[in-house]
Amino acid sequence: MTDPEEHGDADDGGDSVVRRERFSGGPAREFLSSLSADERIFAADLAVDRAHVVMLAEQEIIGPDTAGEILRALAAVEQAGHEDLPEGEDVHEAIETAVIDRVGPEGGRMHTARSRNDEVATCIRYRLREDVLELIETVVEAREQLLDVAAEHTETVMPGYTHLQPAQPTTVAHWLCSYESALARDTARLIDAYERTNQSPLGGAAFAGTPFDIDRERTAELLGFDGLVENAMDGASARDFLVETTAAVTGLATTLSGLAEDVVTFANRGHVEVADEYASTSSIMPQKKNPDTLELVRGRTGDATAGLNGLLTTLKGLPRAYNRDLQRAGRHAYDAIDSVTASTEVAVGAVVTAEWPADDLADAAGEGFSTATGVADRLAQAGIPFRTAHEIVARAGEAADPDIEAIGAAVEAELGESLEEVADREAIEAALDPEESVRMRDSRGGPAPAALRAHLDRVREDLRADQEVLADRRESIAAAATTLDSEVNRYV
Ligand code: ARG
C-alpha cells in the first residue's frame, strides 16, 4: 500500500499542488497536522529558515537575489504572524507555502539541501533552549531569595523531623538551605541538559545527508548552537535531549513537592504562617486559611512526571530514522517545563513571604525530648561510649520530664556513678536547651549559626557561578541573533 508519509513529504520533491491534493485533503487532515501546536516553534522556524538561506547563498547554492526575495518574504510572514499562515501539515510546510505564495516558484529553493526532519529537530532545540534558560533563571532567582531569607534566620530555632516526628532542633536557615542545595543540583542538571540540547542537527536533511556543498558549522553558528549533532541519521531521530530536559524538570518538581509538603505540614502545626496572597479560603468554612498554592505545587509534580512518562512512551522502540510519532514528543517537554517554571515561582514566593513565629518555633523545637541526641553526644564527649550514652538518655527519656535530674538518675542506674563524676553537669544541662542544642552542632553542614553562615558564603559563590553560566549562554545566543540579522540584511 502507498505510504502517504513516504510519498507525501515535501522533502521528496515533486509537484506540491498535486501532492497536497492527494495527501492532505482527507478525513485525517486535522489528525496529521501539528500546525496549531507549532505556534511554539514559529519564531524558531523563521530563524532556522533565515540561517539556512544565508548559508545557501554564501555557498552559492542559491543566488543572492533569490536569497533576498526569500528573506524579504520571511520578514512578511513573520509580520503577519502564525495565525495568518496558510493551511499546512505543520509550520514548516505552511511557512514554505507562504514564501512561495509571495515569491513564486523561486521561493521553493529555500528547501534545498534540507528536510523537515532536520528542520523540526533544529526548531525544537532552538525553542527548548530558551525555555530551559528561562527555567534556570527562575530557579537561580529562587535560590537567591531562599539564601536571603536564610541569612535572616540563622538563629531561628525550629523542630527538625524524621519520620514526621520531632527529631532534633534545627533552624529555619538550615531548613531553607537544605532546599537551596537541592535546587542547586537541579540547576546543574538543567545546565547539563541545556548543553546537549544546544547542538545543531540542521543540514542532516531527511537523515541521509545531501549532495549540496552545505556548511553546517555556519548554520549552527548563525543560530547560536554550540556544536553539531554530526551524524545525520542521529540528528533526525534523536530526542534524548527532550528526555533529559524533562527528567531534569521532573527532578526539580520533586524537590519542590517536598518543599511544598513541608510548608503544608508546618502551617498545619502553626510553625509557619503563609502570606494571604499565597493562601485560599474555604467557600463554606469562614475560619479557614489553606496553603493551596503549595498543594498545587505538590500536585503539579504529576504534570512533570506525566510529561516524562508520555515522552518515554512515545519514543520507546522508535526505529531509525524519522517517524511521525516524533511529532507528539515535544509537547510533553513543553507542558512539563511550563508547569514547573510556574511552580518554582509560586513555591519560593510562598516560602519567602511566609512568617516564622520565632517564639512558638523555639517552644516546639524542644518538644518530644528532641535534645536527647545532643545530651548523648555530650556524655560521649565526656568519655562514655556512645552506645552506653544512648542507653542512659533513652532511660532518662522514660521519665515524665526528662530533665537534668532524670539524666542524673539514669547515669546512676546505668553506671553506678553520679553525673558529676562522669561528665560536666552544666554542659549536659545546657544541651537540654534547644538553642544550645543547635549551637553545639557546628560541624560542616550543621545548623549551628556559625556553620550555617560559612555554608551561606560557599553556596553564594556557587550561585554566582551559575548566574555567570546563564549570562554567558544568553549572551552567546543574543550575539548569534545579531549576526544572523546583519547577514540577512546583506541580502534584503
Ligand atoms: N511536523 C513534523 C514533526 O513535528 C515535521 C516533520 C515532518 N516530516 C515528515 N517526514 N513527515 O515532526
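Q: What is a salt bridge, and which side chains form one with E487?
A: A salt bridge is a side-chain nitrogen of Lys or Arg within 4 Å of a carboxyl oxygen of Asp or Glu. Side chains of opposite charge can pair when their charged atoms come close. In this predicted model, where local features need pLDDT of at least 70, side-chain atom pairs count only at pLDDT 80 or more, while totals for chains, interfaces and linings use all residues. Residues are numbered from 1 along each chain as its sequence is written, and side-chain values use heavy atoms, with hydrogens and water left out. Here E487 and R490 meet in such a bridge, at 3.3 Å from N to O, and bridges with shared partners join E58, R218, E221, E487 and R490 into one network.

Q: Is E487 buried or exposed?
A: Buried means under 20% relative accessible area, exposed over 50%, and partly exposed in between, with a 1.4 Å probe and protein chains only. E487 is buried at 14%, whereas R490 is exposed at 62%.

Q: How many salt bridges are there, and which parts does the pair of E87 and R29 tie together?
A: The count comes to 33. In one of them, the closest N and O atoms of E87 and R29 are 2.9 Å apart. Helices are DSSP runs of H or I with at least four residues, numbered from the N terminus. Because E87 lies in the loop between α5 (64-80) and α6 (91-103) and R29 in helix α3 (residues 29-32), the pair ties together parts that are 58 residues apart in sequence. E87 is exposed at 56% relative accessibility, and R29 is partly exposed at 39%.

Technical notes
Helices (H or I, at least four residues) and strands (E, at least two) are DSSP runs, numbered from the N terminus.
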